[in-house]
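Q: Could you take a close look at the aromatic rings in this model and walk me through how they pair up?

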Amino acid sequence: MNINPSTAFRDKCAIVGIGNSRLGKVPGVSSLDLLVEAMVNALDDAGLKTSDIDGLICRGPDDAYGHHQLIGARLGINANISTTMDNGGASQILSIAMAVMAIEAGLATTVLCGFGRDAWSRTHVTEEARVRNETRPASQRPREFGPEYGYFGAVAAHAFGAQRHMHLYGTTRDHFAEIAIAFREHALRNPQAQMKKPLTKADYDAARLIVAPFGLFDCSLRSDAAGAVIVTKKDRAKDLKQPPVPIKGFGSFNNLRGWFMDDNMVVTAAKKSGETAYKMAGLGPQDVDTAQLYDCFTYMVLTQLEDYGFCKKGEGGEFVASGALKLGGRLPTNTSGGQLSESHCEGMLQIVEGARQMRHTYGAERQVKDAEIALISGHGGNQVCHSTLILGRA
Amino acid sequence: MSDASISDKPQKPIPRPSPESAPYWEAAAQHKLRVQKCNACGQHWFPPSQRCPHCTAADFSWAEVSGRGKVFSFVVFHRVYHPAFEGEVPYVVALVELAEGPRLLTNIVGIAPDEVRCEMAVKVLFEDVAAGVAVPKFTPA
Ligand SMILES: [Zn+2]
């Protein structure tokens with residue numbers, strides 16, 4: 001069905017506060033406390049107090065029931081609108097979309113959004129946890145049609161898409177390496193990134209295979225990490241501490257039939273989510289100066305570059321091999337190092353980085369020069385949920 | 001069961017059927033591959049559910065299928081995520097598209113992992129994994 005995304009939301013709201021927690025290995029701090037840390041940093045950044053917040057939309061590990069209530073209690077916040085999101089890694093952008101809709105509907109004025117997880121701590125507390133490398137609670141894991149075949153984890157699920165793409169379009173692991181190496185170069189310019197050492201093609205090739213076609217460096221990090229942003233009306237934002245980052249458009253799509261159905265593993269939900277966001281913003285891929293894409297695995301970046309129209313379907317390999325993703329390239333992407341090399345926070349740090357780029361926060365070594373438009377993506381659930389956010393220059 | 005068959009070796013997970021999937025596993029135990037077929041629109045579907053995802057009809061039968069299909073995509077596990085698979089790596093997990101349409105997650109056996117290809121023709125075989133439990137796997141046709 002054709003939808004008609006409203007242009008009435010364009011540039012009405014803005015991100016006015018940005019924060020993140022300590023990233024990487026933060027043992028002994030719960031996912032909730034990491035998120036509180038990020039949220040307090042976002043409030044300080046905006047020059048706002050908890051009493052200014054009347055909306056709270058957030059998410060944490062899947063076993064934290066009523067997550068928004070736990071966070072509200074810790075921050076001492078009551079809210080006109082508050083809920084926990086359930087759209088996997090697409091939740092974080094969707095929470096910002098919901099914030100805009102709530103503000104425009106008059107349900108709230110100032111909405112705090114965020115996500116926090118303790119995935120490093122969770123997968124390293126015991127040897128068994130390390131072997132299984134599984135962040136989902138046991139009760140939510142499949143009981144059939146998977147474990148009996150030795151099928152476990154998100155690496156394999158995404159690797160199916162990578163293999164199919166390689167078959168259809170001649171994409172290679174050399175292409176995936178370009179993505180991992182570009183983001184590692186960016187991470188080296190980011191003092192808070194988990195990965196501190198350069199990554200060479202030889203390192204990539206020598207690394208052990210995890211679930212082929214993915215090797216170690218195709219896979220994102222396990223991180224304890226949280227990020228938060230504050231959304232309010234753009235006109236109200238004028239009185240705050242930081243220049244407002246305008247929200248120009250957003251989109252969402254969900255291939256609910258499943259990752260294994262149709263062609264969803266090679267033409268992802270990013271395509272329709274992106275079309276919606278472009279329409280709302282009145283922009284197209286040619287207008288985007290920097291992309292912050294959900295990089296749980298290298299291949300997901302490659303397919304999203306195609307799905308968002310930065311190149312044609314099947315040409316993602318050539319696009320990344322051209323050096324386009326690097327700072328100074330045609331489309332500097334994941335300028336923080338992304339989830340592959342900065343820290344994995346289920347897309348929340350992509351939002352944080354996109355907003356900071358739009359504020360022109362950084363020195364020349366990391367700032368995308370003259371950037372006016374940032375496109376940010378969220379991907380998750382069981383690989384089928386997707387959301388898109390387009391921000392303008394502050 | 002003799003004492004010799006009891007060991008501390010980690011066991012591979014045995015499928016734990018839901019009420020919806022029980023007929024699938026009962027058929028598999030008899031080395032038959034059955035999936036649901038809609039009596040309204042005629043299409044097959046998998047995984048099991050109580051209404052046809054093509055037309056929402058609740059009228060279906062468990063139809064035996066040809067057991068023939070092709071590899072839609074596949075992955076090769078090198079990492080051991082479960083101790084029972086320690087001696088199995090590298091092994092192939094594939095998504096097989098049956099001739100009748102549905103796609104099944106499975107293993108490809110009887111071929112070296114680096115020789116498996118997308119679109120390769122495969123056929124079903126059954127591996128008995130416990131008393132009264134068999135798991136369908138696929139091998140080159
Ligand atoms: Zn039907």
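This is a predicted model: local features need pLDDT of at least 70, side-chain atom pairs count only at pLDDT 80 or more; totals for chains, interfaces and linings use all residues.

A: Happy to! Rings of Phe, Tyr and Trp (its six-membered ring) count as a pair if their centres lie within 6.5 Å.

Across the whole structure, a search over all chains gives 18 aromatic pairs. Among them is the edge-to-face pair of Phe145(A) and Tyr24(B), at 5.4 Å centre to centre and with 80 degrees between the planes. This pair joins two chains, because Phe145(A) lies in the loop between helix 5 (127-132) and helix 6 (153-169) of chain A, while Tyr24(B) belongs to helix 1 (residues 22-29) of chain B. Phe145(A) and Tyr24(B) are both buried.

Now for a pair within chain A: the ring centres of Phe214(A) and Phe297(A) are 5.3 Å apart and their planes meet at 5 degrees, so this pair is stacked. Phe214(A) lies in strand 6 (residues 214-215) and Phe297(A) in the loop between strand 9 (290-292) and helix 11 (298-307), so the pair ties together parts of chain A that are 83 residues apart in sequence. Buried means under 20% relative accessible area, and Phe214(A) is buried at 0%, as is Phe297(A) at 5%.

Finally, chain A has a charge over a ring too: Arg366(A) lies over the face of Tyr362(A), at 4.0 Å from the ring centre.

How values were computed: Residues are numbered from 1 along each chain as its sequence is written. Chains are lettered from A and ligands numbered from 1 in the order in which they are written. Side-chain values use heavy atoms; hydrogens and water are left out. Rings of Phe, Tyr and Trp (its six-membered ring) pair if their centres lie within 6.5 Å; planes under 30 degrees apart count as stacked, over 60 as edge-to-face and the rest as tilted. Helices (H or I, at least four residues) and strands (E, at least two) are DSSP runs, numbered from the N terminus. Buried means under 20% relative accessible area, exposed over 50%, partly exposed in between (1.4 Å probe, protein chains only). A charge sits over a ring if NZ of Lys or CZ of Arg is within 6 Å of the ring centre and within 35 degrees of the ring normal.
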